[in-house]
Amino acid sequence: MIRDPETLQILLDSIRQFVNEALIPRENEVAETDSMPADIVEQMKEMGLFGLTIPEEFGGLGVTMEEEVNIAFELGRTSPAFRSYIGTNNGIGSIGILLDGTEEQKARYLPKLAAGEFLSSFCLTEPDSGSDAASLKTTAVRDGEFYVINGTKRFITNAPQAGIFTVMARTSREIKGAGGISSFIVEADTPGVTVGKRDHKMGQKGAHTADVIFENVRVPAGNLIGGKEGVGFKTAMKVLDKGRLHIAALSVGAAERMLADSLQYAIERKQFGQPIAEFQLIQGMLADSKAEIYAARCMVLDAARKRDEGLNVSTEASCAKMFATEMCGRVADRGVQIHGGAGYVSEYAIERFYRDVRLFRLYEGTTQIQQVIIARNMIREAQR
């Protein structure tokens, strides 16, 4: 749902200009230094990018899902590191508080997240718990007016810079699986919280992940999200449904950038006395990419509109995430192929994007997990 097309267009134009004039020229710098320039972060704050999805009453812009995916289309056209830096405050790091948090929790944390005063991180994955999130081992034991949290979380986005963590932990040993999981807000400076060394990743330099270790961390009972035990896994799944649509939209934006770069290269690069864009086999790769991007964009927008209508979009979100991220990988591969040997060296952005976008098919649930979700939902629906 787009609330005010004119206002949204002004916002999109502003973000497009920011991407073109500020972010794209700094991509190599971020990749080489593996850090986010301080002046870019300040510009993001001034533009309100840390609070895009946070309601206006808490200092954000309160965009709808359809508005959010349109923004993600624009942000996807540059290095994923830029989007990742603001992404957790707008997604997995804040949405759990927004959807299920108490009024006190919302009032305390959401304004600071919207202003970019600190970053948030979502702590679900563990060394032995990835796709099977319900098997997590981190525990939270009640001790008077506190919970004592112990465990290790892995691959946590923005962990080195985070001010708060949304932590999934098991509060009941008797209740097996998802029913015994609760979610907590843990401030990063709480005694016993340790952030491990940054992960050295295949791509996405400038977007940092790391382990987060909790050793006898005493968290006030008031930081139990929603004030109720046993609903943390449901909160996590709500967060992931929304996040899957966002990543799908981001994949569309990245694919559009890679296709634009590849088309421009094909027009400029000459072989056998003519631009390689004139060769039908090159045209086939360009056309396939264009068609798949168009299909993915349509899927994302359709699912976003349905979510804004209040419909359950578990299946649609997984379909969009699966198709868009796989499509993005194919466009990246074709882009390298069109660039030929030049696509394998870092002089051209396609080499970096080829590595960066590979992660899209893994986080927020792998492609295979999306297949399982889609099929199970289909079977459940057919058996009603």
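Buried means under 20% relative accessible area, exposed over 50%, and partly exposed in between, with a 1.4 Å probe and protein chains only. The model is predicted, so local features need pLDDT of at least 70 and side-chain atom pairs count only at pLDDT 80 or more, while totals for chains, interfaces and linings use all residues. Residues are numbered from 1 along each chain as its sequence is written, and side-chain values use heavy atoms, with hydrogens and water left out.

By that cut-off K106 is buried because its relative accessible area is 13%, whereas E103 is exposed at 53%. K106 forms a salt bridge with E103, the closest N and O atoms being 3.6 Å apart; the term stands for a side-chain nitrogen of Lys or Arg within 4 Å of a carboxyl oxygen of Asp or Glu. Both residues belong to helix 7 (residues 103-115), where 3 residues of spacing separate them by about one helical turn. Helices here are DSSP runs of H or I with at least four residues, numbered from the N terminus.

The structure holds 28 salt bridges. One of them joins the side chains of E27 and R257 (2.8 Å, N to O). E27 lies in helix 2 (residues 27-33) and R257 in helix 8, so this pair ties together parts that are 230 residues apart in sequence. R257 is buried, with a relative accessible area of 11%, and E27 is buried as well.

The side chain of R257 also reaches the backbone oxygen of R77 at 2.7 Å. R77 in turn meets E74 in a side-chain salt bridge (3.3 Å, N to O), and R77 and E74 are both buried.

Technical notes. Polar contact = N/O pair within 3.5 Å; in protein donor to acceptor, adjacent residues only side chain to side chain. Helix = DSSP H or I, 4+ residues; strand = E, 2+ residues; numbered from the N terminus.
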